[in-house]
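Please read the following report alongside the sequence and the three-dimensional view.

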Amino acid sequence: MACCVFTAYVMNRIIKACELFDVKLLDIQYNEFDDGFISWEAPENASRFISTRLTITGMFCGACAGTIEKALSDLEGVDRATVSSSLERATVVHDVLKVSAKSLVATIEDIGYGAALGERSAEQNLQLLQRTEELCSLRSSFQGAATLSSAIAGIEQLRAFSSKTPWGRHGNGILQLIALSLALWVQVFDSRWIHRSAWTRGRHGTFTMDTLISLSLLLGMSLSMFNLTLRGLERGQTYFTSGSFLATIITAGRYLDTLLKKKNVTNFTALYKMQAEAALVKVRKDGAYVPAALLRLQQEIVIEQSSIIPCDCYVIEGTSTVDESIMTGEAVPTRKTTGDFLLAGTRNLSHSLVAIVYKEQRDSTLDQLIDSISMATEHKMDGQEGVEAITTYFVLGILMLTTLGFFRAFSSSQQHITLALVDRINLASERAMAILAAACPCALGLATPSAIMAGIDAAWSKGVLFLNGARTIENLSKLSHIVMDKTGTLTEGRLAITSADFASQFTSRKHLCYRLLCAAEREEAQNHPVGKVVFQWALTQLEDEDRRLQSSVPVRKLNSTPGKGISCEVEGPYTAWHEVHIGNASFLLENNISIPPPSHKSPPTLESGTAVYFAINNLFAGKLQLQDIIRPNAPAVISNLRSLGLSLSMLTGDTESEAQRVSCQLSIPVLASKSLPADKHTHILALQSKGAVVAMLGDGINDAPAQAAADVGILLSLSRSAIAGAADVIVMSPDLTCVPNIIEIARITKSHAKRNVACAAMYNIVAVGLAMGVAERWGVSIDASTAGTMMALSSLGLLASSLWLRRRLQ
């Protein structure tokens, strides 16, 4: 019993230490609408299928997620069901003619969990991830159980001492009644969360780890009452101390378990905090503050110093520095001025800015990122379904072993002819309590999800988003070949217009050209580096008043040809519509627009760049010369990727001479040049047909077909269309060194998840074996309190290892 007291004391000190080192639940330091894009293969009659989001309560681990997922998947009409244990939600794709949303809720409630239609608010999700209420309740239960357990242990020692004195024997009965009262208080109040969880679900045929602990506690209390009734207060054997300390240890373990879960999603929690903080924003027109959710497109807003940027927008007035670290992982604040785009969730640091809303809050990058990470927590790694299937039947197996252990112990006790029947029942019950307390299905259920969440969170801290969670980590760990785009990937992508040549008939109409170019590229600027630089350059050429009006200039018939250019119609002065073409030379020629030959020719050099041609009303209007340079860290990144055993090649839509220039400087072979999106798609399929596991690394929408075909699509971009596109990984900072980092993260995470599963399985085999008495011949045995301590420490050890993994990966 001294070991139980010591264990409870140590856990109390651990909890105090956690709170001391800023792991408090109420004072934390920080440095889901429709479900968005879901990758699933539509069945026949797909129009009848919808996706429904459900909010769930009462989940504790991966075993709970597996139970709910199985119950939903077994319904007729459900095509797919995924459950996130960290966000306590489910996404179900189902046939509305066969199963309604209300039926989905009823199914979850029938197995003992709470459910409701819809998504939690940002504030509710923040509270869920911080787990404030749960931690407060568990801490209170632990303190009460620890205090009363110590008191019961003291009473037991006092009874043992007083029974040796003539005067003390008369008071033993009173002390036993006091111990009984305290033990009942622990069971009814401090352990109520265990019994409530166990029997609420047990009524619906669902059994969890709480079922095993509850049975162990109730068996100990029932056996104590049986002994007291049969032998009296003074002679009856009781299990008040062991039962109370078991409850204390389990509660402390759940508290620390919850605390570690919270710490494992610190970076994810910060996103919800940003979303909740950007609640009000100042409108420039009347200076009033309105909820950010009510902002509309083209509305002018004032972004004040030190405030969170509430939605995606672009600057029309002012200069400031913006901290983008929470969104991109870029530690150094960046300078923003007229024409620059601002991301929702970043923080304006130095001066006020006037900006125009480009994406409403519900469509902002921040909202899309949060939903994408949320969806990532619902995906599973290969083999995880098998582990969850085992976990589902684990408790039933333990109950069978408990029954077997009881009768085995009862039968073997016949060898001791001096033992009375009651003593034999006590011995057998002690064995059953130990088996129930030793088993830990939660360790199996948490083994893979805890590692995956640590990997996702560590990647996010480096500015990398795994859109498909475990599936992405699985594929990244198997990569054998990476295909890289050139422009904006191996090169800086921060193009600069070094010269602008206008056709003679447009020399006096430059202002019109600026307005038309700016309006035409306004949408493309979100997705392509060339479109962005043209938009920013044209916007800076306009006067202040024209910049404000630019957001409302109508554009129609916008048509983008990936890899070539765009065409549209833009309303100009006097409501006249102008047809605009912007792209490479071949794009204009395909649209029957002739380009005059250059007045003089110059040989290509390493500094030569890209030419962008534009035409107005089918007349050549001018040419913009853009230059780009190879990223300084590209050689080191290529060397690191090769050291990881990966084959590399470059695939670009640029000219052969430009591709060879980059190839020579970086020593990377050219898979193909002058490739259109369809060509890139074909080249990826060709590599896969040879047995390669391929990743496609690119930065624009023209890479989307290749990324969709690749085993892993990696996108160097940060826009809503990117998040809803074909990529599996989004690198949000311009740092190319993230690429080898994410491959190492994936490999280490997968290895850690496998090790977690092996350790959890090994623990259960050893612990249950010891509880059943297989090592008694060597003098090794455990009681219920020791078994409970082992069980609590197994879950804590697993989550602590995932926290260590997260810190190691960061």
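The report turns to a sheet, then to a pair of helices, and then to salt bridges, all in a predicted model.

**The sheet and its helix**

Four strands form an open sheet in the order E2-E3-E1-E4, and their pairing is antiparallel. The edges are taken by strand E2 (78–84) and strand E4 (114–117), each of which has a single partner strand, so one side of each is left without a neighbour in the sheet. From one strand to the next, the twist averages 25 degrees. Strand E1 (residues 49–57) pairs with strand E3 (residues 89–95) in the antiparallel sense over seven bridges, and within this pairing Thr55 has Arg89 in E3 as its bridge partner. Helix H3 (residues 101–110) lies across E1, E2, E3 and E4, and runs at about 165 degrees to E4.

**A pair of helices**

Helix H27 (residues 738–772) and helix H28 (residues 784–809) have axes that come within 11 Å and cross at roughly 170 degrees. Since angles over 145 degrees count as roughly antiparallel, H27 and H28 are therefore roughly antiparallel to each other. The residues of H27 that meet H28 include Ile745, His752 and Tyr763, while those on the H28 side include Met790, Leu798 and Trp804. By class, the contact of H27 with H28 has 13 nonpolar, six polar and one charged residues.

**Salt bridges**

| Salt bridge | Closest N and O atoms |
|---|---|
| Arg284 and Glu300 | 3.3 Å |
| Glu360 and Arg296 | 3.7 Å |
| Glu474 and Lys478 | 3.3 Å |

In the pair of Arg284 and Glu300, Arg284 lies in the loop between strand E5 (280–283) and strand E6 (289–291) and Glu300 in strand E7 (residues 300–303), so the pair ties together parts that are 16 residues apart in sequence. Arg284 is partly exposed, at a relative accessible area of 29%, and Glu300 is partly exposed at 21%. Salt bridges that share partners join Arg284, Glu300 and Glu317 into one network.

For the pair of Glu360 and Arg296, Glu360 lies in the loop between strand E13 (353–357) and helix H12 (365–376), whereas Arg296 lies in the loop between E6 and E7, so parts 64 residues apart in sequence are tied together. Glu360 counts as buried at 11% relative accessibility, but Arg296, at 37%, counts as partly exposed.

In the pair of Glu474 and Lys478, Glu474 counts as buried at 4% relative accessibility, while Lys478 is partly exposed with a relative accessible area of 40%.

Note on methods: Residues are numbered from 1 along each chain as its sequence is written. This is a predicted model: local features need pLDDT of at least 70, side-chain atom pairs count only at pLDDT 80 or more; totals for chains, interfaces and linings use all residues. Side-chain values use heavy atoms; hydrogens and water are left out. Two strands pair if DSSP finds at least two bridges between them. Helices (H or I, at least four residues) and strands (E, at least two) are DSSP runs, numbered from the N terminus. Axes are lines fitted to C-alpha atoms, for helices over the stretch in contact, and angles run from 0 to 180 degrees between N-to-C directions. Contact means heavy atoms within 4.5 Å. Angles under 35 degrees count as roughly parallel, over 145 as roughly antiparallel, 65 to 115 as roughly perpendicular and the rest as oblique. Ala, Val, Leu, Ile, Met, Phe, Trp, Tyr, Cys and Pro count as nonpolar, Asp, Glu, Lys and Arg as charged, and the others, Gly among them, as polar. A salt bridge is a side-chain nitrogen of Lys or Arg within 4 Å of a carboxyl oxygen of Asp or Glu. Buried means under 20% relative accessible area, exposed over 50%, partly exposed in between (1.4 Å probe, protein chains only).
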